[in-house]
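Here is a structure to look over, with some questions about what the words used for it rest on. Have a look first, then read on.

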Amino acid sequence: MYGKAAICLSFVILFLISCSIYVGTVDLRSYFFPLLQSPQVPRSLCASGPPLRVYMYDLPRKFHVGMMDRRSFEGPAPVTADNLPPWPSNSGIKKQHSVEYWLMASLLYGGNGNEDREAVRVSDPESAEAFFVPFFSSLSFNTHGHNMTDPETEVDRRLQVELLEFLQKSKYYQRSGGRDHVIPMTHPNAFRFLRQELNASILIVVDFGRYPKTMSSLSKDVVAPYVHVVDSFTDDDALDPYESRTTLLFFRGNTVRKDQGKIRIKLAKILSGIDDVHYEKSVATPKNIIMSTEGMRSSKFCLHPAGDTPSSCRLFDAIVSHCVPVIVSDKIELPYEDEIDYSEFSIFFSMKEALEPGYLVNQLRQFPKDRWVEMWKQLKNISHHFEFQYPPKKEDGVNMLWRQVKRKLPRAQLAIHRSRRLKVPDWWQRRR
């Protein structure tokens, strides 16, 4: 009896496997002949299909370049590629939040027809796939609202109110509920008064440290790098880069931070007094930025502890300095991580590991030289993805961000289509 049952069961299993092979759901070659399988092709960092068609709202200068300086505020309108003011060379650490400027500039650039571009500006909103809102919310905070005690009548809040009113009157914002609109908010306090009102849009952020879990997420938003404030290391061609960098670990910055950033003070106690470790408290002045540039270029590893939020500009300063980042942040989100493997050029420690006396430094001392050289080479290969410039260049920071936006749009379109299910068409209302 049991023998017949076993034979029947075997027959059923063989029948199911045969059917699966026939319809293509099972490929036994992958189990028994793995060497015959085609190797996995890594994701290509190149233009993905035709450029994204973006309509950019024509906002008054007070919402964008008018905040850069008085001449920009009083300049001709609208802003074009011919009259776009350059980003100020004396902007200091404001530069780290300037992604909003470079995104706008990339849409103003007409191009010469020969470069690969991820996004182009269209003049007809009906042909647009996405809508860009050129409000420099980070610069607005840095210019008008940095004391964090603004009454309701202050400029930063007024600009946010006016912008929201403008968008709510827009036919295209109403049509999608803002889901296909792209709004940069890279400063942790950018658009802080009315941020929740724009929750449906694709937000360009540097991390989610100041956002409630119900608002911002990787499913709809884009994580951008901070714009580096140190100069890029363009002639890093040492014959023996490992030995030429005499400092083991480098950190120079503010040690008084909030939230997870409190770890900086604790690390100061652990790392102080070690000969080949440079851990120094400083503020971002032009002179100190130059000293940080020199320090990173002469160090093997650059420490990146959490700041007021999980990320900070220091990580991207290290990348363009080809100094292997040592990331100590339990909740960090990294830009372009679906395309770039940070483990190829960075080392990660949990906060618990970093606070264990001697552990972090001992691990770095034992790190193989040949592995470090591989990471150094990889930093040189990928650093152009973190450059922001005008005109934009192939696969630079701004093109990488537009590619990320393209990947968020299908989800936005799905939400738009579902939202229309319960709406009564205009033609039906007229019929009634």
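Q: What does contact mean here?
A: Contact means heavy atoms within 4.5 Å. Keep in mind that this is a predicted model.

Q: Which residues does Leu-249 touch, leaving out those up to four places away in sequence?
A: Quite a list: Leu-271, Asp-276, Val-277, His-278, Phe-301, Cys-302, Leu-303, Val-326, Leu-360 and Leu-364.

Q: What makes a set of residues a nonpolar core?
A: The members must be buried residues from the set Ala, Val, Leu, Ile, Met, Phe, Trp, Tyr and Cys, joined through side-chain atoms within 4.5 Å. The largest such core here has 108 residues, and Leu-249, Phe-301, Leu-303 and Trp-402 touch the most other members. Helix α4 gives the largest share, eight residues.

Q: Why is this core said to lie between domain 1 and domain 2?
A: Because both give residues to it: domain 1 covers 52-227 + 389-418, and domain 2 covers 247-386. Another core, of five residues, lies apart from it, with Phe-250, Met-296, Ala-318 and Cys-323 among its members.

Q: Why does Asn-288 count as buried?
A: Buried means under 20% relative accessible area. Asn-288 has 14% relative accessibility, so it counts as buried. You'll find Asn-288 in helix α10, residues 286-297.

Q: Which residues does Asn-288 touch, not counting those up to four places away in sequence?
A: Arg-252, Ser-282 and Val-283. Take Arg-252: Asn-288 and Arg-252 sit 36 residues apart in sequence, and their C-alpha atoms are 8.7 Å apart in space.

Q: What makes helix α5 mostly covered?
A: Six of the eight residues in α5 (residues 137-144) are buried. These are Ser-137, Ser-138, Leu-139, Ser-140, Phe-141 and Asn-142. And what do they pack against? The buried residues of α5 pack against α4 (99-108), α6 (155-169) and β4 (181-184).

Q: How do you know that β4 and β5 pair?
A: Two strands pair if there are at least two bridges between them. Strands β4 and β5 (residues 202-205) have three, in the parallel sense, so they pair. One detail of that pairing: Ile-183 has Leu-203 in β5 as its bridge partner.

Q: What is the order of the strands in the open sheet?
A: The six strands run β2-β1-β3-β4-β5-β6, with parallel pairing.

Q: What makes β2 and β6 edge strands?
A: Each pairs on one side only; β2 covers 119-121 and β6 covers 222-223.

Note on methods:
Residues are numbered from 1 along each chain as its sequence is written. This is a predicted model: local features need pLDDT of at least 70, side-chain atom pairs count only at pLDDT 80 or more; totals for chains, interfaces and linings use all residues. Side-chain values use heavy atoms; hydrogens and water are left out. Buried means under 20% relative accessible area, exposed over 50%, partly exposed in between (1.4 Å probe, protein chains only). Helices (H or I, at least four residues) and strands (E, at least two) are DSSP runs, numbered from the N terminus. Domain bounds come from an automatic or database domain assignment.
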